[in-house]
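Please open the structure in your viewer and keep the sequence panel beside it. The stops below say what to select next and what is to be found there.

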Amino acid sequence: MAKTAAAPCRLGFLLIDGFTMIAFANAIEPFRMANYASEQTLYTWKVAGLAGQHTAASNGLQIQHTDTPEGLLECDLVLVCGGYQIQHLVSPAIRLLLQRLAARDIALGGVCTGALALADAGVLDSYQASLHWENFIAAQESYPGVAFRQNLYTIDRNRYTCSGGASALDMAQAVIRQHHGRVLAAQIAEYFDVAYMRTADSLQHAPAPAGSAPGYEHVADAVALMQANIEEPLTLADVAELCRVSPRQLQRLFQRYHQTSPAGYYLQQRLRRARELLQQTSLSITDISIACGFLTVSSFSKAFRKQYGYPPTQQRKEEAA
C-alpha cells in the first residue's frame with residue numbers, strides 16, 4: 001500500500017449511520033496535515049455513505065459524501081467508521097461492498113466499531129483487530145475467527161483497526177509513519193500539539209470490569225501512579241502504601257485483574273514508553289534507558305529483548321530506515 005509522492009495513497013472513508021464524529025475527524029485529519037506539512041499531495045480521500053448525499057454522526061451533524069460506495073473500489077485503503085449503534089454495521093449492502101473491496105486486495109480498516117462490519121463480512125478472519133472495550137466481549141463470542149485485542153489499534157498486514165476516539169489519531173499517524181517515515185509523523189504530532197503518539201501495544205483504558213469485586217479502585221490508583229512515575233520507578237511497598245493496601249493484597253488484585261504481578265505490569269509500562277521514545281524521538285538509547293527508570297543500558301536492553309524479542313538497537317534501526 002506504500003505510495004510515492006507521485007502516486008498519492010487513495011483513502012476511502014465509509015460512514016455508517018451514527019458514526020462517531022471524533023473518531024472520524026481523528027482518522028482523516030492526520031492525512032490532511034501530512035499533505036500540508038510535506039507540501040505534497042501524499043494522500044487523497046473520498047467520503048461515502050450507503051445512501052443519499054449525507055450520513056449523520058452520533059451527535060446529529062451531517063457529513064456530505066464526496067463519492068458513492070462504488071468509488072471506494074478505486075481506493076488503496078478503505079476505513080469503515082462506526083459508532084455505538086452497532087445494528088447499522090451489519091447489513092447485506094455493507095457485507096457485499098466489503099467483500100468486493102477485499103476481492104480487489106484493497107486494504108481495509110475499521111474505526112471505533114467499524115471492525116464489527118469487517119468481521120461480519122468475513123474479511124477479518126485470521127486477523128488480529130482492535131475494537132472499543134464496550135463491544136469487546138460480545139465480539140469475541142460472535143466472531144471467533146477474529147483475534148480481537150484490547151490494544152488501542154492494530155495493524156495486521158493489510159487490516160487497520162482501532163478502538164475509536166483518540167486512538168484513530170494514533171493509528172493514522174502509524175500509517176503515515178509506515179509510508180513516509182518518523183520525521184513527517186513527528187511534524188504532524190507537533191502541529192496537533194500532541195506530546196507523543198501512543199503505539200500499537202498501548203492498551204485501552206477501560207473502566208472497571210462488570211461485576212468487579214471491591215478493590216479494583218486500588219488497581220486503578222496503582223496504574224495511575226506507575227504511569228506518573230516512569231523515570232524514577234516506585235517500589236511495590238511505596239505503591240501499596242499510597243494506594244492504602246498491603247503489598248500482598250496489591251499482588252492479589254493485579255493477578256485478578258491483569259493476570260500479572262504489579263512489578264510485571266510496571267515493567268511493561270516502562271518498556272512501552274521506551275519503545276515510543278525509540279520510535280518517535282532521536283534520544284540516544286542511553287538517555288531512553290534513564291528516562292524509563294533503568295539503572296544501566298544493559299539491564300534496559302535485556303528487558304527490552306525479553307519483552308519484544310529483539311534489542312532496542314534494532315527498533316532504532318527500523319525507525320531510521
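Axes here are lines fitted to C-alpha atoms, for helices over the stretch in contact, and angles run from 0 to 180 degrees between N-to-C directions. Helices (H or I, at least four residues) and strands (E, at least two) are DSSP runs, numbered from the N terminus. The model is a predicted one, in which local features need pLDDT of at least 70 and side-chain atom pairs count only at pLDDT 80 or more, while totals for chains, interfaces and linings use all residues. Residues are numbered from 1 along each chain as its sequence is written, and side-chain values use heavy atoms, with hydrogens and water left out.

**Stop one: two crossing helices**

Select helix α1 (residues 21–38) together with helix α6 (residues 182–191), whose axes come within 9 Å and cross at roughly 105°. The two helices are therefore roughly perpendicular to each other, a term that covers angles of 65 to 115 degrees, whereas those under 35 count as roughly parallel, those over 145 as roughly antiparallel and the rest as oblique. Now show the side chains at the contact (heavy atoms within 4.5 Å): Pro30, Met33, Ala34, Tyr36, Ala37 and Ser38 of α1 meet Leu184, Gln187, Ile188 and Tyr191 of α6. These residues divide into eight nonpolar, two polar and no charged, where Ala, Val, Leu, Ile, Met, Phe, Trp, Tyr, Cys and Pro count as nonpolar, Asp, Glu, Lys and Arg as charged, and the others, Gly among them, as polar.

**Stop two: the sheet**

Next, select the open sheet of six strands, which has the order β2-β1-β5-β6-β10-β9 and mixed pairing; two strands pair if DSSP finds at least two bridges between them. At the edges stand β2 (43–49) and β9 (153–156), each with a single partner strand, so one side of each is left without a neighbour in the sheet. Direction ignored, neighbouring strands of this sheet are turned by 15° against each other on average.

**Stop three: strand β5**

Zoom in on strand β5 (residues 77–81), where five of the five residues are buried, so the strand is largely enclosed by the rest of the structure. Buried means under 20% relative accessible area, exposed over 50% and partly exposed in between, with a 1.4 Å probe and protein chains only. In a regular strand the side chains alternate between the two faces of the sheet. Here Leu77, Leu79 and Cys81 point one way from β5, while Val78 and Val80 point the other way.

Which residue of β5 is the bridge partner of leucine 15? Cysteine 81 is that partner, and strand β1 (residues 9–15) pairs with β5 in the parallel sense over five bridges. Five bridges also join β5 to strand β6 (residues 107–111), and these two strands run parallel. To follow this pairing, select leucine 77 opposite alanine 107, then valine 78 opposite leucine 108, then leucine 79 opposite glycine 109.

Select β5, helix α2 (residues 92–103) and β6 together, as they make a right-handed β-α-β unit; a crossover is right-handed if, with the strands pointing away from the viewer, the path from the first strand over the helix to the second runs clockwise. In β6, five of the five residues are buried, so this strand too is largely enclosed by the rest of the structure. Ala107, Gly109 and Val111 point one way from β6, and Leu108 and Gly110 point the other way. Three bridges join β6 to β10, the two running parallel, and glycine 110 stands opposite threonine 161 in β10.

**Stop five: two loop residues**

Most residues other than glycine have a negative phi, and most peptide bonds are trans. Select aspartate 105, in the loop between α2 and β6, which has a positive phi of about 60° although it is not a glycine. Aspartate 105 is exposed, with a relative accessible area of 60%. Then move to arginine 157, in the loop between β9 and β10, where phi is again positive, at about 55°. Arginine 157 is exposed, with a relative accessible area of 54%.
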